[in-house]
Amino acid sequence: FRDDSLNHACHLIGATADDVRDVMVEGESGVLAICPRDERPRYVAHRRRLEWPNGAKSLLFSAEEPERLRGKQHMKLWADELAAWRYPEAWDQAVFGLRLGAKPQAIITTTPRPTRLMRDLLADPLTFSTQHSTFENIGNLAETFLQRVVRKYEGTRLGRQELHAHMLLDVPGALWTREMIEAAHIG
């Protein structure tokens, strides 16, 4: 999250301000929970930022306010639940600011809903994608979650997306699937 040479850090953007605070910063897997004590930043809620022990600062943004991202510069960016962002232009503004350092980078953590933005990003040759199912995280999940949620959604369309991390591009009830059309294409 830090680069000592430029004193800039990774900025964080969540779907809402509450998501940034409750998940990305203070959540069980948030920055404050995962950083070793001697490297843990100070959370300055009223300034919407994290202040790192080395002097770097991470600004915190809500994707509900795309204009607040205008002009903000960063070398690293963490965008959480991008597929749930109400305003895709927040991503555009974030990318315009991704211009510091030798190798500006963004990491996106999200469920793969097939929004236009998600499809475009996955089609971009500069995007590196990984995919993991809920079952790979089973050791960190409550037994009741596994019993209730997995039992209800395993084998369903929503389960394929949420449990198995598949981006579903087909349209439920359609007479033809994308695969059928592409297989029949003459060309």
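# Working chat on a predicted model

Q: Where is Ser-133 found?
A: In this predicted model, Ser-133 sits in the loop that links helix 4 and helix 5, the latter covering residues 143–153.

Q: Buried or exposed, that Ser-133?
A: Ser-133 counts as buried because its relative accessibility is 17%, and the cut-off for buried is under 20%.

Q: Which residues is Ser-133 in contact with, leaving aside its neighbours within four places in sequence?
A: With those neighbours left aside, Ser-133 is in contact with Leu-163 and His-164.

Q: What about Ala-165, where is that found?
A: Ala-165 belongs to the loop between helix 6 (157–162) and helix 7 (178–184). The residue is buried, since its relative accessible area is 16%.

Q: What is the phi of Ala-165?
A: Ala-165 has a positive phi of about 60°, although it is not a glycine. As background, most residues other than glycine have a negative phi.

Q: Which loop holds Arg-48, and what is its phi?
A: Arg-48 lies in the loop between strand 3 (42–44) and strand 4. Its phi is positive, about 55°, and Arg-48 is not a glycine. Arg-48 counts as partly exposed because its relative accessibility is 31%.

Q: Moving to strand 3: is Val-44 buried or exposed?
A: Val-44, which is found in strand 3, counts as buried because its relative accessibility is 6%.

Q: And which residues is Val-44 in contact with, leaving aside neighbours within four places?
A: Beyond those neighbours, Val-44 is in contact with Arg-49 and Glu-51.

Q: How do strand 4 and strand 5 run?
A: Strand 4 (residues 49–51) and strand 5 (residues 57–62) run antiparallel and are joined by three bridges. One of the residues involved is Glu-51, whose bridge partner in strand 5 is Lys-57.

Q: How many residues are between strand 4 and strand 5?
A: There are five residues between them, and the two strands form a hairpin. Gly-55, in the turn, has a positive phi of about 100°.

Q: New topic. How many residues are in the largest nonpolar core?
A: The largest nonpolar core has 17 residues. Those with the most contacts inside it are Ile-13, Leu-69, Leu-77, Leu-82, Trp-85 and Trp-91.

Q: Which elements give two or more residues to this core?
A: Strand 6 (76–80), helix 3 (89–96) and helix 4 (116–123) each give two or more residues to this core.

Q: Where is the other core, and how many residues does it have?
A: Another core, of 13 residues, lies apart from the largest one. Its members include Cys-10, Cys-35, Leu-50 and Ala-56.

Q: Where is Thr-110 placed, and which residues is it in contact with?
A: Thr-110 is in the loop between strand 7 (105–109) and helix 4. With neighbours within four places left aside, Thr-110 is in contact with Glu-81, Leu-82, Ala-83 and Met-118. Thr-110 is partly exposed, because its relative accessible area is 26%.

Q: What separates Thr-110 and Gln-131 in space?
A: Thr-110 and Gln-131 are 10.0 Å apart, C-alpha to C-alpha, and 21 residues apart in sequence.

Q: What about Val-95 and His-132?
A: The C-alpha atoms of Val-95 and His-132 are separated by 25 Å, and the two residues are 37 residues apart along the chain. Val-95 is in helix 3 and counts as partly exposed, because its relative accessibility is 36%.

Q: Lastly, the protein chain as a whole: how many helices and strands?
A: The protein chain has seven helices and seven strands. Along the sequence they follow the pattern β-β-α-α-β-β-β-β-α-β-α-α-α-α.

Q: And how many positive and negative side chains?
A: There are 25 positive and 26 negative side chains, and the centres of the two sets lie 4 Å apart.

Q: What share of the residues is buried?
A: Buried residues make up 31% of the 187 residues in the protein chain. The accessible surface comes to about 12,200 Å², and 52% of that belongs to carbon and sulfur atoms.

Terms used. Residues are numbered from 1 along each chain as its sequence is written. This is a predicted model: local features need pLDDT of at least 70, side-chain atom pairs count only at pLDDT 80 or more; totals for chains, interfaces and linings use all residues. Side-chain values use heavy atoms; hydrogens and water are left out. Helices (H or I, at least four residues) and strands (E, at least two) are DSSP runs, numbered from the N terminus. Buried means under 20% relative accessible area, exposed over 50%, partly exposed in between (1.4 Å probe, protein chains only). Accessible areas come from the Shrake-Rupley method with a 1.4 Å probe; for residues, only the protein chains shown count as cover. Lys and Arg count as positive and Asp and Glu as negative; His and the chain ends are not counted. The place of a charge is taken as NZ of Lys, CZ of Arg, CG of Asp or CD of Glu. Two strands pair if DSSP finds at least two bridges between them. A nonpolar core is a set of buried Ala, Val, Leu, Ile, Met, Phe, Trp, Tyr and Cys residues joined through side-chain atoms within 4.5 Å. Contact means heavy atoms within 4.5 Å.
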